[in-house]
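Good morning, and thank you for coming. Please look at the sequence and the model together while I speak.

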Amino acid sequence: MKIARIETFLVPPRWLFCRVETDDGVVGWGEPVVEGRAEVVRTAVEVLSEYLVGQDALRIEDHWQVLTKGGFYRGGPVLSSAVAGLDQALWDIAGKHYGAPVHELLGGPVRDRVRVYAWVGGDDPGELREEIEKQVEAGFTAVKMNGSGLLPRAATAADLATVVARAEVARSALGPGRDFAIDLHGRAGAADARRIIAAVAPLHPMFVEEPLAPGLLHRLADLTAATDVPIALGERLYSRSDFLPALTSGLAVAQPDISHAGGVSEVRRIAALAETFDVQIAPHCPLGPIALAASLQVGFATPNFLIQEQSAGIHYHRDTEFLDYVLDPAPFAFTAGHAHRTSLPGLGVVVDERAVREADRRGHTWRNPVWRHDDGSMAEW
């Protein structure tokens, strides 16, 4: 079964899909994207396709090794994301070829359902109670929100109080039996991150995410040693070797993104490595239906799986939702805050190819905002 054709589709609101077709007509889908750099990843997929076309579609691991290590220069978000989408598509093909969901090919399920959480608030979250109560009514048992908007280089007492006030709203609206997580998005410096974590600790967040930007991971051990709040990160780490320093520094929750960290193949290995450190995984996924479907397949087969991010209603979407590109919404019907395991083959997502091709004709040029401090210098977004 040879790979005959690889196509990419730039689809709103900010995604890139890839379609891999074999010479006997089996089609696999993947989602290779770096948000804000989708066009660059598209070109990377085209370059990698030069190797893949004509190859045996079922040699997934061999292809992963060549795509990630066959070039002298390796790693980074663009290459890892291009490989991730192609890897997802090859697993989708394998599942359809064997007539089995990917989680069966990964060793079989260890759970029947995967807990998911909902996003509330935006980049600069304002009133949260109404949004949280809406998610509780929809059956979700956990939510995540940004802890703050733009933070100055040295947070003031007012900045800290605002973060705590939002966390208090979340705990009040959720009660003691549900969870909330706080995403700091790398916006705080190391000293301020420590103060913020200490301030919200009495409210028992499920985890505090990305208290440090990726370039500051050498300070992570200082943070984890100073708190009993679980610390999570990993959306901007792309391999096992990237995660290892965080795992040895007291990380509690690893958050690889299946569209950035080498696809199903590498995220599965990251999870296995994390398990040896007693670290749970909560994959990052504010993306589209293919990335979520692939994440769920890993979740069904991974023992140390905590919870799954999903993007329904997230503030990045605006006029487009991921269900716009699927023919069967059943795999994404969350019941009591969980996605339930299905027997659909491959990744378990039925892509609406007509809608995808139509969306690609419109395309998108999504870019993340660039924030600046009051003095005109660049701030972390």
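Predicted model: local features only at pLDDT ≥ 70, side-chain atom pairs only at ≥ 80, totals over all residues.

Does D375 count as buried or exposed? D375 counts as exposed, because its relative accessibility is 60%; here buried means under 20% relative accessible area, exposed over 50%, and partly exposed in between, with a 1.4 Å probe and protein chains only. D375 is found in the loop between β13 (371–372) and β14 (378–379). Helices (H or I, at least four residues) and strands (E, at least two) are DSSP runs, numbered from the N terminus. The side chain of D375 makes a polar contact of 2.7 Å with the side chain of S377. A polar contact is a pair of N or O atoms within 3.5 Å; within protein, one must be able to donate a hydrogen and the other to accept it, and residues adjacent in sequence count only if both atoms are side-chain atoms.

Residues are numbered from 1 along each chain as its sequence is written, and side-chain values use heavy atoms, with hydrogens and water left out.

Let us turn to the interior. In soluble globular proteins, nonpolar side chains tend to be buried together. A nonpolar core is a set of buried Ala, Val, Leu, Ile, Met, Phe, Trp, Tyr and Cys residues joined through side-chain atoms within 4.5 Å. The largest such core in this model has 111 residues, and those with the most contacts inside it are F17, L86 and F180. Helix α11 (residues 289–301) supplies the largest share of this core, nine residues. Apart from it lies another core, of nine residues, including Y117 and F207.

F17 touches, among others, T8, W29 and Y325, leaving aside residues up to four places away in sequence; contact means heavy atoms within 4.5 Å. T8 itself is in strand β1 (residues 3–11) and counts as buried because its relative accessibility is 12%. The side chains of T8 and R42 are joined by a polar contact of 2.8 Å.

Another buried residue is N304, at 6% relative accessibility, in the loop between α11 and β11 (308–309). A polar atom of the N304 side chain lies 3.0 Å from the backbone oxygen of A271.

Finally, some backbone details. Most residues other than glycine have a negative phi, and most peptide bonds are trans. A cis peptide bond joins P12 and P13, with omega about 10°, and P13 is found in the loop between β1 and β2 (15–22). H204 has a positive phi of about 55° although it is not a glycine, and E210 has a positive phi of about 40°, also without being a glycine. H204 is exposed, with a relative accessible area of 58%, whereas E210 counts as buried at 2% relative accessibility. E210 is placed in the loop between β7 (208–209) and α8 (220–225).
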